[in-house]
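I opened my notebook to get to know a new structure. Here is what I looked up, entry by entry.

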Amino acid sequence: MLETSQRWSAQMPLTVGFLAILVLVGGFGTWSALSNIAGAVIASGQIEVDRNRQETERDLATEITFPLNLLVMAEADAELAEILVGQRNLFAARAETLGQEVDQLGRRAEQIQGKPRTAAV
């Protein structure tokens, strides 16, 4: 029988592990220092617009309104103006869908009660 007694050194796996940690931490540090976070500002404004839209929808308003300072900023920023137009279109589409759902639920309720309902034009 041949006996082979080999000792395994931990030096190589430790070196590879430390290099991997160094690359990970260094890469993350470099990314965090060089990345552009300007999008976070737009997201904050987007959240405010969404909150206003939801409040308007909850109150059954017929038109969405935006804060005056947002409208003033939209005059100078074409991208913001486009977002506001999109929000108005989205509000109008949701209001139409809500009206159709209310009408459909009304027809269902009348069918359950046994009363026919004429379609709204």
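**Entry: contacts along the chain.** I began with contacts (heavy atoms within 4.5 Å). Among contacts between residues at least 6 apart in sequence, I noted that 43% join residues at least 24 apart.

**Entry: ground rules.** I am reading a predicted model, where local features need pLDDT of at least 70 and side-chain atom pairs count only at pLDDT 80 or more, while totals for chains, interfaces and linings use all residues. Residues are numbered from 1 along each chain as its sequence is written, and side-chain values use heavy atoms, with hydrogens and water left out.

**Entry: elements.** I looked up helices (DSSP runs of H or I, at least four residues) and strands (runs of E, at least two), numbered from the N terminus. The protein has 4 helices and 0 strands, and the pattern along the sequence reads α-α-α-α.

**Entry: burial and surface.** I call a residue buried under 20% relative accessible area, exposed over 50% and partly exposed in between (1.4 Å probe, protein chains only). Of the 121 residues, 11% are buried. The accessible surface (Shrake-Rupley method, 1.4 Å probe; for residues, only the protein chains shown count as cover) is about 10,500 Å², and carbon and sulfur atoms hold 62% of that.

**Entry: the core.** Next I searched for a nonpolar core, a set of buried Ala, Val, Leu, Ile, Met, Phe, Trp, Tyr and Cys residues joined through side-chain atoms within 4.5 Å. The largest one has 7 residues: Ile-64, Phe-66, Leu-70, Ala-74, Leu-80, Leu-84 and Phe-91. Helices α3 (68–76) and α4 (78–113) each give two or more residues to this core, and α4 gives the most, with 3. I also checked Leu-80: beyond its neighbours within four places in sequence, Leu-80 touches Leu-70, Met-73 and Ala-74.

**Entry: Thr-65.** Is Thr-65 buried or exposed? I found Thr-65 exposed, because its relative accessible area is 52%. Thr-65 sits in the loop between α2 (39–58) and α3. Its C-alpha atom is 9.9 Å from that of Leu-84, 19 residues apart along the chain.

**Entry: a salt bridge.** I looked for a side-chain nitrogen of Lys or Arg within 4 Å of a carboxyl oxygen of Asp or Glu, and the count is 1 salt bridge. Arg-107 and Asp-103 form a salt bridge at 3.0 Å, N to O. Both lie in helix α4, 4 residues apart, about one turn of the helix. Arg-107 is partly exposed at 33% relative accessibility, whereas Asp-103 is buried at 18%.
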